[in-house]
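Please keep the sequence and the model in view while reading.

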Amino acid sequence: MWIPGGMAIVLTLFSKDSFRSLLKIGPLGDIGLGLGLTFLSFIFFLILCLSFSQVSFGLPEEALTYHKGNSWQAWVRFLILGFPPLIFMNVLFALGEEIGWRGYLLKKIGLYIPHFWVRSLSVGFIWGTWHIPLCLHLGFPLANILIFVMNVCLISIIYARLFERHFSI
C-alpha cells in the first residue's frame with residue numbers, strides 16, 4: 001500500500017514541487033468525516049453484495065466455514081471483533097495510498113482535468129484497477145472485484161472533495 005506513496009515521494013524529490021505538500025494533514029474533523037464515510041460506503045457495498053450477488057466479498061473461507069456458510073453472521077462477527085483493529089492498521093498503511101493518489105496524482109490530474117467529477121472518478125478508477133492484480137492473485141470472484149472498484153470510485157469522490165477543501169491528505 002506504500003508503493004503509490006513511495007513513488008509520489010520519489011517523483012516529488014526529482015521535481016520542483018514542495019515535498020511538504022505531500023504530507024500536509026487536514027483538520028481532525030475532515031479525517032473523522034473521511035473515516036466515517038468510508039465505513040458507511042463499505043457497509044453499503046457489503047449489504048449490496050450480500051443481498052444481490054451472494055458473493056462473500058472477500059471473507060476468508062475459514063470465516064464462512066465457522067458460520068456454516070452464513071455470510072451475514074460471518075460479517076457481523078468481523079465488524080464487531082475485527083473491524084476496529086483493522087481500521088488502525090489500515091490507516092497506517094493507507095497513508096501511503098493517500099500520499100500517492102490524492103497528495104500527488106489528484107493534484108497532477110487537476111492541472112489537466114478541471115471538472116471535479118471526472119477528476120475524482122479518474123483517480124478512483126486508477127486506484128481501483130491498481131488493486132486488480134492482487135484481487136486476481138487472491139482468487140476473488142469477478143463480482144467482488146467489480147464491486148470493489150465501484151466502492152473505490154465512490155470513496156474517491158469523498159476523499160477528493162475532502163482533499164480539495166484544504167489540499168491536505
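## Basis of the report

The model is predicted: local features need pLDDT of at least 70, side-chain atom pairs count only at pLDDT 80 or more, and totals for chains, interfaces and linings use all residues. Residues are numbered from 1 along each chain as its sequence is written, and side-chain values use heavy atoms, with hydrogens and water left out.

## Salt bridges between helices

Three salt bridges are present in the structure; the term denotes a side-chain nitrogen of Lys or Arg within 4 Å of a carboxyl oxygen of Asp or Glu. One of them joins Arg165 to Asp30, with the closest N and O atoms 3.3 Å apart. Arg165 belongs to helix α7 (residues 142–166) and Asp30 to helix α2 (residues 28–53), so this pair ties together parts that are 135 residues apart in sequence. Helices are DSSP runs (H or I, at least four residues), numbered from the N terminus. Asp30 is buried, its relative accessible area being 11%; buried means under 20% relative accessible area, computed with a 1.4 Å probe on protein chains only.

Another salt bridge is formed by Arg119 and Glu164, whose closest N and O atoms are 2.8 Å apart. This pair links distant parts of the chain, with Arg119 in helix α5 (residues 116–130) and Glu164 in helix α7, 45 residues apart. Arg119 counts as buried at 8% relative accessibility.

Arg102 forms a salt bridge with Glu98, and the closest N and O atoms are 2.7 Å apart. The two residues are four apart in helix α4 (residues 71–110), a separation of about one helical turn. Both Arg102 and Glu98 are buried, Glu98 having a relative accessibility of 13%.

Which residues does Glu98 contact, leaving aside its neighbours within four places in sequence? They are Gly103, Trp127, Tyr159 and Ile169, where contact means heavy atoms within 4.5 Å.

## The contact of α5 with α7

The axes of α5 and α7 come within 8 Å and cross at roughly 130 degrees. Axes are lines fitted to C-alpha atoms, for helices over the stretch in contact, and angles run from 0 to 180 degrees between N-to-C directions.

Among the residues that make this contact are Trp117 and Arg119 of α5, and Tyr159 and Glu164 of α7.

Terms used
Buried < 20%, exposed > 50% of the residue type's maximum accessible area, 1.4 Å probe, protein only.
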